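Visitor: I'm new to reading protein structures. Could you walk me through a few features, one at a time?

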Amino acid sequence: METINDAVSPQSNKSPRSSQVCCFTRVGVARLPQNVTLFEVESRSIKLAWMTPTDVKGILYGYRVILRVEGVCKVEVVYQCTDCVGAQTVLLKTCDVQKKVNISSVDAYSKVVTTIDGLFPYISYHVWIAAVNGNGDGEKNETLVMTDSEVPEIASSVITTVQSATVIKVKWTKPTVKPGNTTYKIKAYEVLGGTYTYVKDIIINGYDKETVDFTGLEEYWDYTFTVTASTIKGAATSLMTTAVKTNQAPPGKVTNFEIMTPANVFTTMQVSWAIPLLRERNSIIKEYTIKHNISGITIVETIPAESEMLQKFYYITPDRYYKVELSAVNILNQHGEKVHKIYFASSTSKAPLSDTGYSIGTVVGAAVGGILCSVLVLVLIFWLFWRHRINKNSKPSRTKHAREESKIGDQYEDIGMDSASSYQDFGEKDSPNIYDQIGRVNTVDKHYENMLP
């Protein structure tokens, strides 16, 4: 009981000892750190500084810096004063990343400059800074800071899956760390003969995107892809994927489809065609289907695709119309686009026509005829010119010869008149020609000479 009576009660007039006052008196928490500054904010670290609080309110043990994201502690750094008088160890709290840094009393009671790393890019951090004394953490200085963006990591595990004849799905694994506001560009390249040719690309926004469907591709065609992740800081591109081929589809129409009568054999019709264009084959062509009415009824035939150019001959009756329909068939038995022609098998020559609608023979004949006509005109002009020159040079001699002929003719006329009576006297009736008359002129002249005295 004495012990109890001797105990100091709250109502006792006795003053407690100083040591007891010291032991039971609580010292308040430290005030806010002064002049907090954040600078050199990078994608993975920040640099900050602060000064001692205006009132530590006791012994300064050190400082605690906490970085929180959406209320969750991500990084905690304790700055332990190693030579502060009476300082005790500052205990760490629960946080994803925890560190301890030793500082001197000089820094602790003046200015602390430090760099906190191990952060992530493009993240908003709530930064708390508090001085720690015997009563725990002091008042907190809170600052919001966002780390910088960075060049993305290369998108990994890029794979492709063929969805149909015109669609390929591209998948990839996003970078392990969000580097910032991320954009993906997926490029498609067609592969032909070992050559890679850019075809098209798709751009999508959002770090979490990891798939895209490429549509509008060629049927049964080889493609490869790349994925490029980019931010405002730069870009990183994946390797090309292994080439994949889109699914088969019905073939396109055949090419060089022609119907004709070969070498004017009017009882034979030739049907010829070629494989569809490379980009329109859409599959592996195994055969062709020909539908016609040559025998008078509709018949469907199958022709194996043994070469890229084919032809088929039919015995026909001239002067009739024939309809032929043709299509390609792939190994999946998918029939391609149909083409047809109606052909009139004439019993007369069916020379091939030029682009203008005239036969080739007509065009060639007209050209040759035009050339020959031009040559004849030139020859005629030359001949007329030559004749004109000849006539001009021979005109004087022709005039002289004409005068002589005129004189002889007068003589012939006189002799002829006299001879007429002589012929009557001598009983001659015929005067066969002028040459006989000339002979007889000499005879008459002799006769008259004998009668002269």
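Visitor: Let's start with strand pairing. Which residue is the bridge partner of L38 in β2?

Guide: Keep in mind that this is a predicted model. When strands pair, you can look for the residues that face each other across the bridges. Here, L38 has L48 in β2 as its bridge partner. The strands involved are β1 and β2 (residues 46-51), which pair in the antiparallel sense over 4 bridges.

Visitor: What is the order of the strands in the open sheet that has β1 in it?

Guide: Read a sheet from one side to the other, strand by strand. This open sheet has 3 strands in the order β1-β2-β6, and the pairing is antiparallel. Its edge strands are β1 (34-39) and β6 (111-116), each of which pairs on one side only. On average, neighbouring strands in this sheet are turned by 15° against each other, ignoring direction.

Visitor: Next topic: cysteines. How many disulfides does the structure hold?

Guide: The general idea is that a disulfide is a covalent bond between the sulfur atoms of two cysteines. This structure holds 2 disulfides. One is formed by C73 and C95, with their sulfur atoms 1.8 Å apart. That pair links distant parts of the chain: C73 is in strand β4 (residues 72-81), while C95 is in the loop between β4 and β5 (97-103), 22 residues apart. Another disulfide joins C81 to C84, with 1.8 Å from S to S.

Visitor: What pairing do you get if you number the bonded cysteines in sequence order?

Guide: Numbered that way, the pairing is 1-4, 2-3.

Visitor: Is the link of C73 and C95 left-handed or right-handed?

Guide: Check the angle about the S-S bond. For C73 and C95 the angle is -95°, and the link is left-handed. For C81 and C84 the angle is 85°, and that link is right-handed.

Visitor: Is C81 buried or exposed?

Guide: Compare the relative accessible area with the cut-off: under 20% counts as buried. C81 has 3% relative accessibility, so C81 counts as buried. C84 is buried too, because its relative accessible area is 8%. Now the other pair: C73 counts as buried at 12%, and C95 is buried at 14%.

Visitor: Last one, backbone angles. What is the phi of N256 near?

Guide: As background, most residues other than glycine have a negative phi. N256 has a phi near 55°, a positive value in a residue other than glycine. You'll find N256 in strand β18 (residues 255-260). N256 is exposed, because its relative accessible area is 52%, and the cut-off for exposed is over 50%.

Visitor: Where is N282, and is N282 buried or exposed?

Guide: Look for N282 in the loop between α4 (278-281) and β20 (285-292). N282 has a relative accessible area of 10%, so N282 is buried. The phi of N282 is near 65°, again a positive value in a residue other than glycine.

Methods: Residues numbered from 1 in each chain as written. Predicted model: local features only at pLDDT ≥ 70, side-chain atom pairs only at ≥ 80, totals over all residues. Heavy atoms only, no water. Disulfide = S-S within 2.5 Å. Helix = DSSP H or I, 4+ residues; strand = E, 2+ residues; numbered from the N terminus. Buried < 20%, exposed > 50% of the residue type's maximum accessible area, 1.4 Å probe, protein only. Pairing = 2+ DSSP bridges. Axes fitted to C-alpha atoms, helices over the stretch in contact; angles between N-to-C directions.
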